[in-house]
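Biologist: Hi, could we go through this model together? I'd like to start with the overall picture and then pick out some details.

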Amino acid sequence: MLVFEKSRPGRGVSALPKCDVDVLTPSDKDLRKAELHLPEMAEVDLSRHYTELAHKAHGVNDGFYPLGSCTMKYNPRVNEKIAALPGFTDIHPLQPARTAQGCLQVIKEISEALCEITGMSEFTLQPAAGAHGEFTGLLLIKAYHLANGDTQRKKIIVPDSAHGTNPASAVMAGMEVINVDSDDKGLVDLDKLREVCEGNDEIAGLMLTNPNTAGLFDPNIKEITDIIHQCGGLCYYDGANLNAVMGWARPGDMGFDCVHLNLHKTFSTPHGGGGPGSGPVGCKEHLAKFMPGVKVVDFDEHSDENMLSFAKAEASLGEMKNFYGNFLVAVKALTYIKMLGKEGIPEASKNAVLNANYMMNKLKGAYDMAFDPKVCMHEFVMDLSRQAKETGVTAMDIAKGLLDNNIHPPTMYFPLTVHEALMAEPCETESKETLDDAIRVFLELNDIAYSDPEKLHMAPVKTPVTRLDEVGAARHPVLKYEFE
Amino acid sequence: MGTFVPNTKEQQLEMLREIGYEKLDDLFAHIPDDVKFQGELDLPAGMSEMEVAAEMQKIADKNVIYQSIFRGAGAYKHYIPAIVGSVISNETLQTAYTPYQAEISQGVLQSIFEYQTMICDLTGMDVSNASVYDGATAAGEAVAMCRERKQNKALISGAIQPSVMKVIETYCFGNEMELEVIEVKDGKTDLDDLKAKMSDEIACVYIQHPNYFGNLEDAAEIGEIAHSFKKCKYIMGVNPISLGILKTPREYGADFAVGEGQPLGLPIAFGGPYLGFMASVDSMKRKLPGRIVGQTVDHNGKTGYVLTLQAREQHIRREKASSNICSNQALCALAVGVYLAAMGNQGIRDVATQCYSKAHYMAKRMEEIGFTVENKDYFHEFVTTSETDIHVILKALSNEGILGGQPLDLHRILWCCTEMNSKADIDRVIDILKEV
Amino acid sequence: MVINKDALYAKTHEWVTFDGDTALIGISDYAQSELGDLVFVNLPEEGDEVTCGEAFADVESVKAVSDIYSPVSGVVAAINEELLDAPEKINEDAFGAWFIKVSDITEKGELITPDEYEALCEAEE
């Protein structure tokens, strides 16, 4: 039942004292005439309402969540405790910097740590999410070319396996997308890339994830970034898959010029049912002068004291968002980085890769692996084309079967280059016992596909609702509750 | 070092051997040497939870927590009922992913559907999305989505929050939409300048109401001018708290209502996370970026909720999508939903009325002690001018634990009052100011 | 698969019928069945120009968007507004659910006969 249907006139939460000055109201010209229909609820009913909603949802704490490319690792509780400190939550973003030294220190420390992990020289925390980071990175590339007078550089190369945000971000940045097909191993086709790039002075750059969306590390990465640089383009690293390589390989060393990270994936901050995330962007020295927002510098020239202060980049492309990004998310990520430290960070990636390979090898017999890699990184892609053909059971059906087993399904139908794709990313924070249990379920579901496919077409049956009519929802949209 | 890896070293080796490897490094053997990172990351060693908690507390302690805040300018300190924090700390709601798997995400989906309904109710609009990053990006997205082949220019009021203007400029730098600023006259959008700048090429007119200086705009008249050209859309950026007593964007004739959702139950938190809300009239719903939840039924006819109208979005429309937004600020939208449900109709009217009344009380008191108040019709922010250097004023207040208004120039300050500022606090400010 | 014997087809799966100086355009029954349940159609406006071989509309299913290409060049004289509220009509009767009426035709693209189109669809399957 919706909160509006539980509302009873006259109920409410006693939040505010009486107004202690003369009560005034705006003149009639600006006075609201439209009726309000907000819920009127006693606190007990409100509390139960949201507890009920939580029971009808599935979080990382409810069970295994191997959602590919989303890095649904465990979200440490200490992160939440620290981010709730009044010393962070009660600070106004426009307070003078000398009264917000702790906040500036957080920004400085996490920026420096991210620089070290990625091999970049500067970071901005302003982008609020991965897609926002992509937009920022592309604007950096745009500003760089414009400053060089290269107004014609508007083409951005994106591999066919890329996330949908890549092409959408390119268009927001005023660029035109050139898709380059992958080779039969799921990697960038070097010949095709050369063909597009050679002598082409319209290339603005390249967007790439490495490891890619199939969980494969591209061994030709240096050559790829060289080809782009040779034709005058810049290379953008989509950090969606960084959890595979922290402390093992750095985008900066691979030849990338700028990068975005997802603190809500790699650095353990919760997804919140879709956000808030944080998509900080890093760049090398040659792009630093175009960075948006402000950076924290060591010394305030207006003061005798040794204080941190904000400085603006000399040719800054502007502001991506109000203030300094999703600050509290950065607080959580910094807490996590401090706990893991220099040994724990590579250790996390190592175990993420181990868990993925363990699971991939155990499932190989029953499920075909896209591109059949010997070793994968932090995730792997199953291709259920064979099951679909032989039994009629699709990737979607297996996913729905997992729901009945309290396992969140892998990412479905992505990358687009694999037809019946299930992309699984187990994460380092899952135990062998959890993985073994999930492997057992995956194998059972494959058996059911061959013995009783109808059962999977009907799944899920144990969830609060069964499969929903998405066509009806889109044809005749009901997008809010209608009051009588 | 701290770790969140549950498997013991022995288990790790056991798993590795089971799949035919000797040591963990073998799994990284295919990374070419020329890009493999050598040595150790230049970071401090890891720590226990107790050590990190102490260190982070020490960092937090370096910040000054003002007990009394008279600064808004885009971030507003309001009272947040305890239930808001309690709900968004729920481990399931907090750690869930985007609700793509609808069958196990009904709780998240329903909360978004309720949020959409409340935003529509507040703004008077027909359709709301599930949130974007903040008020500034909501403005940037709104301007961008109005762009048409023959309408590639936006008119933006010069009286909007400066950082919002900067973000709109950034979005326009990206998509190469033209942007022209409408002049400000007496602290408000200049209607004559707007009229002079209108043409067939204008995609949209964007104003903020109440504007950056706290003033109420001639919002209905601006809407009429904007709509005198058929293709032009009218976007209003509004403070959601003000809608407890001020006319809705719909009543003023807007096509889109956007704004900063932070005042509805989110802490000021050094600028984020906040959320941007975006709502439109029904005919514009397919222009909205971001996720939207719709009601439907399952196979058994039971009511349920799904993400819908997804063909607008980047994961389907790719390079033809009008926005790339993917992650939004869902948990913040949940906080807004809980806040509005806790406050209820009377609560939201009370907050708005208290903001309005206290700001007007403070302005009157400031006039009494010799400040000039620039505003005539305003909500909860106003600008004062005085002979005294603003640094002297703000320092005197800061010494007493009070964060004064936002300095605009050497003699002008933008003040803000909310329900958090008691009469005693306001009187104290007046007493301190009398001395300087 | 319903093939309309009175229409001509484009290889990109649109049908077109001519009536004097105007043309009526829609998508084929084969196309609608391949696209699945359609949930929305984006149509041009009256007075817009359409160009042979270029997209003039797109149709949305729950999980995909597909461009619809114009088999002729000309000016949009009318659009079938009924489809905006009831896109399911395209699935129910692809030939009845015309998208646009085009006048002032200046160019026709490569059009094939119903028999040729039927053969094309069979080959695609």
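Biologist: Among contacts in chain B between residues at least 6 apart in sequence, what percentage join residues at least 24 apart?

Modeller: That comes to 72% for chain B. Keep in mind that this is a predicted model.

Biologist: Thanks! How many helices and strands does chain B have?

Modeller: Chain B has 14 helices and 17 strands. Its C-alpha atoms fill a box of roughly 80 × 55 × 50 Å along the principal axes. Of its 436 residues, 61% count as buried.

Biologist: And which domains does the assignment give for chain B?

Modeller: The assignment gives domain 1 (9-58), domain 2 (68-78 + 345-435) and domain 3 (82-339). Between domain 1 of chain B and domain 3 of chain B, the C-alpha centres lie 43 Å apart.

Biologist: Let's zoom in on helix H14 of chain B. How many residues does it have, and how far does it reach?

Modeller: Helix H14 of chain B, residues 423-435, has 13 residues. From first C-alpha to last, H14 of chain B reaches 19 Å, close to the 18 Å expected at 1.5 Å a residue.

Biologist: Which residues of H14(B) are buried?

Modeller: Those are B:Ile426, B:Val429 and B:Leu433. They sit on the same side of H14(B) because they cover an arc of only 55° around the axis.

Biologist: What covers those buried residues?

Modeller: The cover includes H12, helix H13 (390-399) and strand S15 (402-403), which belong to chain B.

Biologist: And which exposed residues are on the face turned away from the buried side?

Modeller: On that face of H14(B) you'll find the exposed residues B:Ala424, B:Asp431, B:Lys434 and B:Glu435.

Biologist: Nice. Now B:Ile112: where does it sit, and is it buried or exposed?

Modeller: B:Ile112 is in helix H5 of chain B, residues 106-123. B:Ile112 counts as buried because it has 28 C-beta neighbours inside 10 Å.

Biologist: Which residues does B:Ile112 touch, leaving out those up to four places away in sequence?

Modeller: B:Ile112 touches B:Ala130, B:Val293, B:Ala330 and B:Ala333. Take B:Val293: it is 181 residues from B:Ile112 along the chain, yet their C-alpha atoms are separated by 6.7 Å.

Biologist: What about the largest nonpolar core, how many residues has it got?

Modeller: The largest nonpolar core has 343 residues. Those with the most contacts inside it are A:Ala330, B:Val143 and B:Val205. Helix H12 of chain B, residues 330-368, supplies the largest share of this core, with 23 residues.

Biologist: So what does A:Ala330 touch, again not counting residues up to four places away in sequence?

Modeller: A:Ala330 touches A:Val106, A:Ile107, A:Ile110, A:Leu125, A:Leu263, A:Ser278 and A:Gly325.

Biologist: Last one: how many residues of chain C are in contact with chain B?

Modeller: 6 residues of chain C are in contact with 4 residues of chain B. On the chain C side, they divide into 4 nonpolar, no polar and 2 charged.

How values were computed:
Residues are numbered from 1 along each chain as its sequence is written. Chains are lettered from A and ligands numbered from 1 in the order in which they are written. This is a predicted model: local features need pLDDT of at least 70, side-chain atom pairs count only at pLDDT 80 or more; totals for chains, interfaces and linings use all residues. Two residues are in contact if their C-beta atoms, placed from the backbone, lie within 7 Å. Ala, Val, Leu, Ile, Met, Phe, Trp, Tyr, Cys and Pro count as nonpolar, Asp, Glu, Lys and Arg as charged, and the others, Gly among them, as polar. A nonpolar core is a set of buried Ala, Val, Leu, Ile, Met, Phe, Trp, Tyr and Cys residues joined through C-beta atoms within 7 Å. A residue is buried if 20 or more other C-beta atoms lie within 10 Å of its own, exposed if 12 or fewer, and partly exposed in between; C-beta atoms are placed from the backbone. Helices (H or I, at least four residues) and strands (E, at least two) are DSSP runs, numbered from the N terminus. Domain bounds come from an automatic or database domain assignment. The expected span of a helix is 1.5 Å times one less than its number of residues. The arc is that of the directions from the helix axis to the C-beta atoms.
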